[in-house]
Amino acid sequence: METSSKNTIIKLGRGKGIEILNTIRQAKESVKIVSPYLSPDYTKELIHLHNQGIQITLITCDNLETNNWSDFKPSDII
């Protein structure tokens with residue numbers, strides 16, 4: 001399911017991962033995410049955008065995921 005207004009896009013459901021990541025990468029001013037889980041790849045992308053001056057708002061759980069194929073560490077965002 002996808003709904004949108006002038007500056008907001010909401011995506012729900014299975015199989016939306018790459019579509020959401022592509023939308024995040026196109027941000028010009030800000031990204032706001034509410035999700036109980038966030039993969040290291042998404043987190044790294046948000047850090048990258050933040051370093052480019054994009055305003056990031058993230059609401060998630062405090063149990064950040066790590067994996068062997070990403071160099072992301074939870075301390076990267078603290």
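Let me start with Glu-45 and Arg-25, whose side chains are joined by a polar contact of 3.4 Å. Keep in mind that this is a predicted model. The contact between Arg-25 and Glu-45 also qualifies as a salt bridge, 3.4 Å from N to O. Arg-25 belongs to helix 1, residues 17–25, and Glu-45 to helix 2, so the pair links parts that are 20 residues apart in sequence. The structure has one salt bridge. As background, side chains of opposite charge can pair when their charged atoms come close.

Now the two partners in turn. Is Glu-45 buried or exposed? Glu-45 counts as buried, because its relative accessibility is 14% and the cut-off for buried is under 20%. Arg-25, at 44% relative accessibility, counts as partly exposed.

What else does Glu-45 touch, leaving aside residues up to four places away in sequence? Its contacts are Leu-21, Ile-24 and Arg-25. Glu-45 itself sits in helix 2, which covers residues 40–51.

On to the chain as a whole. The protein chain has two helices and four strands. Read from the N terminus, the order is β-β-α-β-α-β. There are 78 residues, and 23% of them are buried. Glu-45 is one of the buried residues.

As for contacts, take those in the chain with a separation of 6 or more: 49% of them are between residues 24 or more positions apart.

Last, the surface. The chain exposes about 6,100 Å², with 51% of that area supplied by carbon and sulfur atoms.

Key: Residues numbered from 1 in each chain as written. Predicted model: local features only at pLDDT ≥ 70, side-chain atom pairs only at ≥ 80, totals over all residues. Heavy atoms only, no water. Buried < 20%, exposed > 50% of the residue type's maximum accessible area, 1.4 Å probe, protein only. Contact = heavy atoms within 4.5 Å. Areas by Shrake-Rupley, 256 points an atom, 1.4 Å probe, with all protein chains shown as cover. Polar contact = N/O pair within 3.5 Å; in protein donor to acceptor, adjacent residues only side chain to side chain. Salt bridge = Lys/Arg side-chain N within 4 Å of Asp/Glu carboxyl O.
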